[in-house]
Amino acid sequence: MVAEINHRGNPVMFGAEKEHKMSALASSGADRLDLTQPTRWEPGLVAHYSADMLDAGVAPKAGAAITWQALNDNGKQAWITAYRAKYGGDPEIIVDAKDKKLDRIDWEHTGELEVVSDVFTQTKDLSNWLKEHGWGHITTSFMRGMPAQERKEMLSFVALANLYVFTHGLEARGADVGGEKGWRFVIKPLGIPTEEHIKIFDGIFDKNRLATAFSKHNQVNIRGSGKYGDPNRIAFEVRAGDSADKARVQNAIFNSLKENKWGVAPFEWGTGKFRLVKLGLDVANKDPNQVKSLPADFRTLAAEIKGVDGATADRIYQFVSNARFADEAKNARITQFDQRACIPLLAFGELPGFDAPTKARLEKAQQNFVRNLDGLAKQNLDPKAAAGAISDAIVAWAKEAQISDALGRWIDGPPGRQKFV
């Protein structure tokens, strides 16, 4: 197979997934799904198709006289909505074999239509697909068999890429999304890896392992289930961030695979003092459930910060642990802080390549964060007010620490690298 990018002599393959909410499908004005067809086509489910539901040049007409291909995205949304109203479930939609871009149409349990691309070997095909559907999840697969050093560098990359995406989101856009307080801390599918995640990712370099909510719900993850066309293919999956963040990480993945070099300077995971949050679980053969509460390691990390005593570490741990965004979990949400709340306490200053002024800024931001939390802990806030205040405090830390720029420059790799997408 001729591929644009090869990793150690083997072709690199990639693909994309994008969820489309019905409301977004209706408002897009696009016509992206003509090479698909419902297995149970009943045009009369919509009594009358108006001009805004139809392709240009197609006159409005009664539902029984229309074809699926004559509908634009808005018309398809109207039909899908009518189908759901009648049958109480999602229609099965298949992709025409002539479509070399789409592999299949899936449905999320929350009701979104998910388009899944075919496998690409040319980045221009991925770029064209992204222009049509937008940035969702991007999967890049490659063969096992890299040396131990590159394997450790890949683990460093996935750890720092996660932290880059998350901290840059906090710095640039805050934690609240769509009016939802603390969204970045409670949305289930977009977490941050722990040391246990890194152990699972490391194990995937040796053998296949089915993805679970624990292992896959990260900003960026490593996957390997034997389902990438070859049982020895594994993959990076970029899940989170705005389009610019995803493009930055994706370009870094492509370049790093091409060059067999990860990051601006070699950083082998496990060789320095920097670490992620520890859960204290054995994950060699079994994944735990997705984390839904604050790890006890928060207290340990806080106590390791210069000037923080044990009593203060205990107090802020209890404060953050007791905070609640909601009494009951909503769709795709948890109710309280998990390992994401520990990010301001990580020893970023131990990462290689940071100059003295950067380390001093990071230390001051950490100390201010703990001081801020301690002050909040003494105000006797109710759990929901506490959750909002803690969320704001983490955002304040991110804006003061400004760590994402250094993380982003590291994952970019050497200056002058190619931009593929």
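Predicted model: local features only at pLDDT ≥ 70, side-chain atom pairs only at ≥ 80, totals over all residues.
Residues are numbered from 1 along each chain as its sequence is written, and side-chain values use heavy atoms, with hydrogens and water left out.

**Stop 1**

Most residues other than glycine have a negative phi. At 24% relative accessibility, A332 is partly exposed (buried means under 20% relative accessible area, exposed over 50%, and partly exposed in between, with a 1.4 Å probe and protein chains only).

Now jump to Q402, in the loop between α12 (383–401) and α13 (404–412). Helices and strands here are DSSP runs numbered from the N terminus: H or I over at least four residues for helices, E over at least two for strands. Phi of Q402 is near 50 degrees, also a positive value in a non-glycine residue, and Q402 is partly exposed at 36% relative accessible area.

**Stop 2: the sheet**

Next, colour the strands. Six of them make an open, antiparallel sheet, in the order β8-β9-β3-β10-β12-β11. The edges are β8 (102–107) and β11 (220–223), each pairing on one side only. From one strand to the next, the twist averages 20 degrees. Two strands count as paired if DSSP finds at least two bridges between them.

Walk over to β3 (residues 13–20) and β9 (residues 113–117), an antiparallel pair with four bridges. Click H20 and look across to β9: its bridge partner there is L113.

Then pick β12 (233–238). Which way do its side chains point? R233, A235 and E237 go one way, I234, F236 and V238 the other, and all are buried. In a regular strand the side chains alternate between the two faces of the sheet. With six of its six residues buried, β12 is largely enclosed by the rest of the structure.

- β10 and β12 run antiparallel and are joined by six bridges; S141 stands opposite A235.
- β11 and β12 are antiparallel too, over four bridges; R223 has A235 as its bridge partner.

**Stop 3: helices across the sheet**

Show helix α4 (residues 148–173), which lies across β10 (137–143), β11 and β12 and runs at about 145 degrees to β11. Axes are lines fitted to C-alpha atoms, for helices over the stretch in contact, and angles run from 0 to 180 degrees between N-to-C directions.

Zoom in on T167, in α4. Is T167 buried or exposed? It is buried, with a relative accessible area of 0%. Leaving aside neighbours within four places in sequence, T167 is in contact (heavy atoms within 4.5 Å) with I343, W397, I403, S404 and L407.

**Stop 4: a pocket and a cavity**

The search uses a 1 Å grid over the protein atoms alone: a cavity is a set of points where a 1.4 Å probe fits but cannot get out, a pocket is an open set with protein on both sides within 12 Å along at least five of seven lines, and lining residues have an atom within 4 Å of a point. Grid points are joined across faces, edges and corners, and a volume is the space filled by probe spheres set on the points.

The second largest pocket holds about 390 Å³. It has 17 lining residues, and L346, A347, F348, E350 and Q366 are the closest to its centre. Helix α11 (residues 356–377) contributes most to this lining, with four residues.

For the largest cavity, with a volume of about 50 Å³, select G191, H197, A213, F214, H217, Q290, V291, D338 and Q339.

**Last stop: K278**

Finish in the loop between α8 and α9 (297–303), where K278 lies. K278 is partly exposed, at 44% relative accessibility. Not counting residues up to four places away in sequence, K278 touches E195, E196, P295 and D297.
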